[in-house]
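Here is a short report on one protein chain.

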Amino acid sequence: MRIYMAGSAGMLGDAFIRHFGSKHELMCTDIDTSDDRMQYCDFRNYAEYSKQVAKWKPDFLFHLGAHTDLEYCEKNPDDTYLTNALSVEGAVQIANNLNIPLLYISTAGIFDGQKELYDDWDVPNPMCAYARAKYMGERYVVENMRRYFVCRAGWMMGGGLKKDKKFVKKIVAQLLEGRRELNIVTDKLGTPTYTHDFAANVDALMQTDYYGVYNMVCEGATSRFEVAKELVRLLGLEKEVTLKPVDSSFFRAEYFAPRPDSERLVNRKLALRNLNTMRDWRLCLKEYVEEHYLKLFP
């Protein structure tokens, strides 16, 4: 299969390249070409995006990229909607023109946190610019395509020091700086998503004709505090590091974008179709830490 992967220079794209690269012919593009696996394409430029995809003639289009910094998105809503919503409309048109299926990555952040757990059929109610743009992208795919996979990720982890921009990397960075007392929120609940498990489960879906919207997160609902506690344990620093529980108001100045109290997803549709290959988040975090971070703490 020939797969065009747009916006693939980030942590998720890295996992997708590693998983699909040995089995399929990939065209990997991004505006960031510091990764020598990337060719340049700004998918916000519909004419450029459309021309490049059509010329390469893929069998499947993966639209992976997005702005994921919630504070940036809140301060720059126009760029957020251009990047996270309008570009998706362009991807839909491209895929429809070529009569190929589309993969779009959505997020657990589209829910409002009023429930403890959300399955695939719960109705989203986004709270911030990032979440609104991602949800509008999801809706456009669902309403305008016949063959598509919309896969909702949770708290993403993967990519290592170079590509990880999320919670695990932020905690590791503080520890590498010598910090031994960390303030960790206790009032934010969610489900981690290991990028490699995510790529593998997308692959499993692609072997079927079960197109549609899927929650796709690791097993085991948890909290930011529990993830930090397990990370410190895996690094062998539990006797050195103190985790100080705080609520979200402690970081209000730094993380001002509205966030749901609960982003916990359950993979109900995958489970009902016997297609849920996502492992427990603790096992995935252990694998991730051993590959990328354990060697940094001799």
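## The chain as a whole

Of the chain's 298 residues, 56% count as buried. Buried means under 20% relative accessible area, exposed means over 50%, and partly exposed lies in between, with a 1.4 Å probe and protein chains only. The model is predicted: local features need pLDDT of at least 70, side-chain atom pairs count only at pLDDT 80 or more, and totals for chains, interfaces and linings use all residues. Residues are numbered from 1 along each chain as its sequence is written, and side-chain values use heavy atoms, with hydrogens and water left out.

The chain has 11 helices and 13 strands. These are DSSP runs, numbered from the N terminus: H or I of at least four residues for helices, E of at least two for strands. The C-alpha atoms fill a box of roughly 55 × 40 × 40 Å along the principal axes. The radius of gyration is 19 Å, which agrees with the value near 19 Å for a compact globule of 298 residues. That radius is taken over C-alpha atoms, and the globule rule is 2.2 Å times the number of residues to the power 0.38. Among contacts with a separation of 6 or more, 78% join residues 24 or more positions apart. Contact means heavy atoms within 4.5 Å.

## Helix α7 and its cover

Which residues of α7 are buried? They are F167, V168, K169, I171, V172 and L175. Their cover includes the strands β7 (155-157) and β8 (181-185), along with the helices α6 (160-163), α9 and α11.

Q174 also belongs to α7, which spans residues 167-176. Neighbours within four places in sequence aside, Q174 is in contact with R179 and L182. G137 lies 37 residues from Q174 in sequence and 34 Å from Q174 in space, C-alpha to C-alpha. After α7 comes G178, with a positive phi near 100°.

## α7 against α9

The helices α7 and α9 pack at about 50°, with axes 11 Å apart. Axes are lines fitted to C-alpha atoms, for helices over the stretch in contact, and angles run from 0 to 180 degrees between N-to-C directions. The pair is therefore oblique. Angles under 35 degrees count as roughly parallel, over 145 as roughly antiparallel, 65 to 115 as roughly perpendicular, and the rest as oblique.

The crossing of α7 and α9 is right-handed. A crossing has that hand if the near helix is turned clockwise from the far one by less than a right angle, and is left-handed if anticlockwise. From α7, F167, V168, I171 and V172 meet R224, V227, A228 and L231 of α9. This contact of α7 with α9 has 7 nonpolar residues, no polar and 1 charged. Ala, Val, Leu, Ile, Met, Phe, Trp, Tyr, Cys and Pro count as nonpolar; Asp, Glu, Lys and Arg as charged; the others, Gly among them, as polar.

## α9 against α11

Helix α9 (residues 224-234) also packs on α11 (residues 281-292), at about 45° and with axes 10 Å apart. That angle makes α9 oblique to α11. The crossing is right-handed.

On the α9 side are E226, V227, E230, L231 and L234; they meet W281, R282, L285, K286 and V289 in α11. The contact of α9 with α11 divides into 6 nonpolar, no polar and 4 charged residues.

## α1 against α8

Helix α1 (residues 11-20) and helix α8 (residues 195-206) cross at roughly 55°, and their axes come within 8 Å. This makes α1 oblique to α8. α1 passes α8 in a right-handed crossing.

M11, L12, A15, F16, R18, H19 and F20 of α1 meet T195, H196, F198, A199, A200, V202, D203 and M206 of α8. By class, the contact of α1 with α8 holds 10 nonpolar, 3 polar and 2 charged residues.

## Two asparagines with positive phi

Most residues other than glycine have a negative phi. N99 is not a glycine, yet its phi is positive, about 55°. N99 sits in the loop between α4 (77-98) and β5 (102-107). Is N99 buried or exposed? At 54% relative accessibility, N99 counts as exposed.

N274 has a positive phi too, near 55°. Its place is the loop between α10 (268-272) and α11. N274 counts as exposed, at 71% relative accessibility.
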